[in-house]
Amino acid sequence: MPISDADTARAGTAPAEETPESGLHRGLTARHIRFMALGSAIGTGLFMGSSGAIQTAGPAVLIAYIIGGAAVFMVMRALGEMVVRHPVSGSFGQYASRYIHPFAGFLVGWTFAFEMFLVAVFDATAIGVYMRFWFPDVSQWVWVLAVVCFIAAINLIGVKVFGELEFWFALIKIVAIIALIVAGVAIILFGFNIAGHDQMGPQNLVDHGGFMPHGIWGLIASFTIVMFAFGGIEIIGVTAGEAQNPKQVLPKAINSVPIRILLFYVLTLGVIMCIQPWVDITGETSPFVSIFESVGFQAAAAAFNVILVTAALSAMNADIFGAGRMLHGLAEQGQAPRSFTRTTRNGVPIMTVITMLVGLLVGVVLNFLYPDQVLFLLGALATFATVLVWLVILIAHIRMKAEIARDRRLPSEFPAPLWPVASWLTVGFIVFVIVLVGIVPDSRPALWVGLIWVAVLTACYFAFVRGAGRQPYPLADHTEPIAVIDPTSR
């Protein structure tokens with residue numbers, strides 16, 4: 001039987017997210033949270049993975065990013081409505097437990113941690129690829145190991161220092177993206193005596209087989225890569241337990257970040273494909289480096305490669321943070337080892353961070369054994385995990401809205417727009433992407449591994465979760481009456 005918010009209040013006990021034993025500190029400001037989400041979602045998926053999407057769809061990939069960005073915005077608004085009502089550190093893991101079923105919370109919580117682990121390994125692997133630019137003879141796994149050690153040190157610092165570092169990491173790559181857009185437009189307009197300037201411009205989007213060279217199927221197939229690029233933005237919800245003034249901070253971050261990400265992806269890739277024909281973006285190096293090499297700016301290519309390494313470090317940093325906090329929340333609701341609730345004096349959930357870092361060492365082994373295949377497989381697996389998390393977020397939100405209406409609870413202070421049509425359309429789109437992962441031959445193994453992952457989690461839930469972990473998570477409703485302005489008082 002579901003535990004209602006009123007039941008919690010009658011019991012005379014504070015809900016789990018307000019207990020001081022959680023040990024987490026509210027040290028993240030609006031600036032930290034906004035850039036943390038940007039840091040996680042603007043990373044290797046854009047800087048390296050975009051080349052695969054471009055080869056799959058051609059210039060039409062811009063449409064895929066627009067559609068995917070719209071779906072992500074709806075997911076984030078659904079999450080934002082729940083976060084403002086229930087600002088807890090376990091976020092959508094605890095929302096799923098409360099509004100769907102305890103198993104749903106267990107599934108989405110562990111799958112999100114799995115997603116963050118995969119994306120972190122993907123980013124570490126990408127750094128190994130980037131380093132070939134300077135050290136082509138050094139094994140890829142050596143750089144991955146060095147990165148893991150560096151990230152370990154950062155994630156054991158207090159959350160406020162962590163947030164500040166992540167802010168500067170993310171700021172560097174955002175400034176670099178803006179600079180690339182400005183420089184690219186200037187090259188297109190003025191040429192600067194660059195060879196082949198007369199062949200640069202918007203015509204490149206249609207001159208090499210047309211805007212949609214692989215037809216509608218190429219556009220559809222690209223969604224399996226495009227949606228991975230947006231993965232990680234849901235980390236905004238996980239910051240609720242450590243955000244200062246979450247009701248003010250989180251809505252602003254949610255409203256601004258998806259739009260900014262969409263603009264960065266579409267504008268940046270549009271400029272790149274205007275300068276360099278999409279058929280020349282092979283994926284052997286990042287398209288952000290190859291664009292400078294193609295116009296003869298070797299020094300700029302080297303400088304941007306430094307930025308790519310910084311960007312991947314930023315994304316890894318945010319990924320480990322998100323996974324660690326989610327595992328902390330799972331432990332609070334009895335669905336992970338109790339040791340995961342332990343925090344250091346600085347408020348760092350020490351055991352979860354260590355667990356994730358040990359997991360990253362698996363990535364070192366994968367890079368040693370399969371240096372050429374690991375990047376694509378990790379990306380496809382992360383796509384499955386990402387869309388599964390988003391699907392559960394949407395279902396939990398739909399169930400919450402139904403309960404609000406049934407119990408006549410206070411209306412949400414940050415409601416999702418175009419309810420309920422947009423929410424159901426987004427659910428349909430996410431299911432469509434999951435089916436696509438199984439249809440596209442290259443990503444089909446990821447669906448099978450993902451289904452095996454779900455089966456393993458199901459077995460673990462029934463074998464190991466007991467007591468409170470089998471009960472819906474009690475959530476306090478922090479909704480306040482929405483102020484109504486009396487027009488006669490003006």
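Which residues have the most contacts inside the largest nonpolar core? This is a predicted model, and in it they are Y65, F92, M227, M273, L360 and W390. The core has 146 residues. Helix α7, residues 102-130, gives the largest share of this core, with 18 residues.

Let me stay with W390 for a moment. Leaving aside neighbours within four places in sequence, W390 is in contact with V72, V75, M227, F230, G231, E234 and I430.

I430 takes us to helix α18. Among the buried residues of α18 are F429, I430, V433, I434 and V437. The helix runs over residues 421-439, and its 19 residues reach 27 Å from first C-alpha to last, close to the 27 Å expected.

Next, the loop between α17 and α18. P420 is found there, and the peptide bond from W419 to P420 is cis, with omega near 0°. Most peptide bonds are trans. R408 is in this loop too, with a positive phi of about 55° although it is not a glycine. L418 also lies in the loop, and its phi is near 55°, again positive in a residue other than glycine. R408 counts as exposed at 79% relative accessibility, and L418 is exposed with a relative accessible area of 66%.

Last, back to α7. How do α7 and α19 pack? Their axes are 10 Å apart, at an angle of about 130°, so the two helices are oblique to each other. The crossing is right-handed. On the α7 side the residues that meet α19 include F103, F106, W110 and F114, and on the α19 side they include W453, L457 and Y461.

Key: Residues are numbered from 1 along each chain as its sequence is written. This is a predicted model: local features need pLDDT of at least 70, side-chain atom pairs count only at pLDDT 80 or more; totals for chains, interfaces and linings use all residues. Side-chain values use heavy atoms; hydrogens and water are left out. Helices (H or I, at least four residues) and strands (E, at least two) are DSSP runs, numbered from the N terminus. The expected span of a helix is 1.5 Å times one less than its number of residues. Buried means under 20% relative accessible area, exposed over 50%, partly exposed in between (1.4 Å probe, protein chains only). A nonpolar core is a set of buried Ala, Val, Leu, Ile, Met, Phe, Trp, Tyr and Cys residues joined through side-chain atoms within 4.5 Å. Contact means heavy atoms within 4.5 Å. Axes are lines fitted to C-alpha atoms, for helices over the stretch in contact, and angles run from 0 to 180 degrees between N-to-C directions. Angles under 35 degrees count as roughly parallel, over 145 as roughly antiparallel, 65 to 115 as roughly perpendicular and the rest as oblique. A crossing is left-handed if the near helix is turned anticlockwise from the far one by less than a right angle, and right-handed if clockwise.
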